[in-house]
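Welcome! Here is a short tour for anyone opening this structure for the first time. Take a look at the sequence and the model, then read on.

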Amino acid sequence: MDRICEGRVAVVTGAGRGLGRSHALELARRGARVVVNDLGGEPDGTGSDPAVAEAVAEEIRAAGGEAVASGHDVSDSEAARERVQLAVDTFGGLDVLVANAGILRDRTLAGMTDEDWDTVVRVHLRGTFAPSRAAAAYWRDRAKATGAGVDGRLICTTSPVGLYGNFGQTNYIAAKGGIASFTLGAAQELARYGVTANTIAPTAATRLVLALMTDEPPQEFLEKFDPGFVSPVVAWLASPQSSAVTGRVFDVRGNRVALVESWRVGAEILRDEPWDAADLGDVVADLVAKAAPNPDISGYVHD
Ligand SMILES: NC(=O)c1ccc[n+]([C@@H]2O[C@H](COP(=O)([O-])OP(=O)(O)OC[C@H]3O[C@@H](n4cnc5c(N)ncnc54)[C@H](O)[C@@H]3O)[C@@H](O)[C@H]2O)c1
């Protein structure tokens, strides 16, 4: 096996289960030393269990790799700084942050509670920001101290629904859409330290998805959407090979890797004087007719 991450040190949040566990195992197989972070909570963010992160760290060690566990809440800023320090103290530095931890509290907009909104936004958005800030500060200080780029990687996790929309998930969609946009800004800022920032939009048969299904999932579904299909993209992004790629969103499901093209100006019209609201009906109808329709939840545009 090609150990394309040999010598790299990675922190993976939410690495106790599902996609994060799969990323951590793949990174370790590819030669990275891994800080396995997971609060060990329920899919809705309640509860905690430090054994969940420890089990994956042990799985990596049992396979001959190097890993250490961290059971903190990903949205805790102080814990995020401590985790960077843990990577430095245990493995000598930090090269890669995979911000992956996530929860769901699905409700329609009219019935959304403040708590369900705030909890989902906290875990996803602050849970991406806090570890990213701690890593960015470490990379900035290293780049200044050495006078050279650090070849770091920030790999965030959005969702197809955060890019294309869905019914009954406005809290999750807002948070995940925010993460995709956050990564664009981070890519611009971190370039000066030799750090790339990209986002993956995965689809995988994990407990978050299975919890939404009323029937037992078919075996074919479980095999087709194994999280293991997504992790090679994360490992490649984590490796030195990806240094030229930044500010991108990868939609990964099964054997398909797709690059998502971002918001951009489509059909437009310009005139010399300001627009009068009364004139806009026909103008907007014409723009809508000329513009590409929004994609559906699959990410594809259908005429
Ligand atoms: N499974 C999919 O199809 C899918 C699709 C789009 C996006 N995602 C995203 O992928 C990521 C991983 O989800 P998954 O599907 O593997 O779910 P999962 O429930 O299997 O794993 C998520 C892990 O994150 C941990 N976690 C949750 N809150 C945490 C916190 N505050 N601090 C630390 N750890 C915490 C959980 O304990 C859990 O082990 C999430 O961000 C999710 O939104 C998943």
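## Around the ligand

The shell around the ligand draws at least two residues from each of these elements: H1, helix H4 (114–146), helix H6 (170–190), strand S6 (195–203) and helix H7 (207–210). Please keep in mind that this is a predicted model. H7 gives the largest share of that shell, with three residues. In total, 31 residues surround the ligand, and the closest are Asp38, Asn100, Tyr172, Thr206 and Arg207. Sorted by class, the shell holds 12 nonpolar, 14 polar and five charged residues.

| Residue | Protein atom | Distance to a ligand oxygen atom |
|---|---|---|
| Leu19 | backbone N or O | 2.8 Å |
| Gly41 | backbone N or O | 3.3 Å |
| Thr206 | polar side-chain atom | 2.5 Å |

How much of the ligand does the protein bury? On its own, the ligand exposes 820 Å², and the protein buries 97% of that.

Now let us turn to the protein's interior. In soluble globular proteins, nonpolar side chains tend to be buried together. Here the largest nonpolar core has 31 residues, and those touching the most other members are Leu27, Val34, Val36 and Ile60. Two or more residues of this core come from each of strand S1 (9–12), helix H1 (18–29), strand S2 (33–37), helix H2 (51–62), strand S4 (96–99), helix H9 (231–238) and strand S7 (249–253). Another core lies apart from it, with 27 residues that include Val35, Ile179, Leu190 and Val195.

Which residues does Ile60 touch, once its neighbours within four places in sequence are left aside? Ile60 is in contact with Ala24, Leu25, Ala28, Val34, Val36, Gly65, Glu66 and Ala67.

H9 is a mostly covered helix, with six of its eight residues buried. The buried ones are Ser231, Val233, Val234, Ala235, Leu237 and Ala238. Their cover includes H1, S4, strand S5 (152–157), S6, S7 and strand S8 (256–260).

Is Arg153 buried or exposed? Arg153 counts as buried because its relative accessible area is 0%, and the cut-off for buried is under 20%. The side chain of Arg153 reaches the backbone oxygen of Leu237 at 3.0 Å, and Leu237 is itself among the buried residues of H9. Arg153 also meets Ser242, side chain to side chain, through a polar contact of 2.8 Å.

Methods: Residues are numbered from 1 along each chain as its sequence is written. This is a predicted model: local features need pLDDT of at least 70, side-chain atom pairs count only at pLDDT 80 or more; totals for chains, interfaces and linings use all residues. Side-chain values use heavy atoms; hydrogens and water are left out. A nonpolar core is a set of buried Ala, Val, Leu, Ile, Met, Phe, Trp, Tyr and Cys residues joined through side-chain atoms within 4.5 Å. Buried means under 20% relative accessible area, exposed over 50%, partly exposed in between (1.4 Å probe, protein chains only). Helices (H or I, at least four residues) and strands (E, at least two) are DSSP runs, numbered from the N terminus. Contact means heavy atoms within 4.5 Å. A residue is near a molecule or strand if one of its heavy atoms lies within 4 Å of it. A polar contact is a pair of N or O atoms within 3.5 Å; within protein, one must be able to donate a hydrogen and the other to accept it, and residues adjacent in sequence count only if both atoms are side-chain atoms. Accessible areas come from the Shrake-Rupley method with a 1.4 Å probe; for residues, only the protein chains shown count as cover. Ala, Val, Leu, Ile, Met, Phe, Trp, Tyr, Cys and Pro count as nonpolar, Asp, Glu, Lys and Arg as charged, and the others, Gly among them, as polar.
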